[in-house]
Amino acid sequence: IHVGHRVSYHGQAGMVVFVADHDEYAAEYPRKEWDSIKTGFMILFNNGARLHLDSSDEHFSRNEKESVG
């Protein structure tokens, strides 16, 4: 999973905005502001909510047709 990938979690659509394990951060989510999170990734949902996950699980899926990058 990488920054910019469109994903779904529990049926909610969103986009990955950083992946701490890969040291990838979207411009709007600079590492210096999220440096306390050392693992996992953050999803920004279409409704504006954010969720940090340490790893994906059975509720997570990637929408490859809509992903950028």
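Colleague: Let us start with H10. Is H10 buried or exposed?
Modeller: Happy to begin there. Buried means under 20% relative accessible area, exposed over 50%, and partly exposed in between, with a 1.4 Å probe and protein chains only. The relative accessibility of H10 is 51%, so H10 counts as exposed.

Colleague: What kind of model is this, and how is it numbered?
Modeller: Residues are numbered from 1 along each chain as its sequence is written, and side-chain values use heavy atoms, with hydrogens and water left out. Local features need pLDDT of at least 70, side-chain atom pairs count only at pLDDT 80 or more, and totals for chains, interfaces and linings use all residues, since this is a predicted model.

Colleague: What is the mean pLDDT of the protein chain?
Modeller: pLDDT is the predictor's confidence in each residue, from 0 to 100. In the protein chain, 91% of residues reach 70 or more, and the mean pLDDT is 91.

Colleague: Which strand has the highest confidence?
Modeller: Strands (E, at least two residues) and helices (H or I, at least four) are DSSP runs, numbered from the N terminus. Confidence is lowest in strand β6, residues 60–62, at a mean of 90. At 98, the highest is in strand β3, residues 24–25.

Colleague: Back to H10: where is H10 found, and what is its phi near?
Modeller: H10 is found in the loop between β1 and β2. Most residues other than glycine have a negative phi. H10 has a positive value, near 55 degrees.

Colleague: Where is the place of D23, and what is its phi near?
Modeller: The loop between β2 and β3 is the place of D23. D23 is a residue other than glycine with a positive phi, near 55 degrees.

Colleague: Which residue forms a salt bridge with D23?
Modeller: A salt bridge is a side-chain nitrogen of Lys or Arg within 4 Å of a carboxyl oxygen of Asp or Glu. The closest N and O atoms are 2.9 Å apart, and the partner is R31.

Colleague: How many salt bridges does the structure hold?
Modeller: Besides the pair of R31 and D23, K38 forms a salt bridge with D35, with the closest N and O atoms 3.7 Å apart. K38 counts as exposed at 56% relative accessibility, while D35 counts as partly exposed at 39%. The structure's number of salt bridges is two.

Colleague: Is H5 buried or exposed?
Modeller: H5 lies in the segment before β1. Its side chain is joined to that of R62 by a polar contact of 3.1 Å; such a contact is a pair of N or O atoms within 3.5 Å, where within protein one must be able to donate a hydrogen and the other to accept it, and residues adjacent in sequence count only if both atoms are side-chain atoms. With a relative accessibility of 4%, H5 counts as buried.
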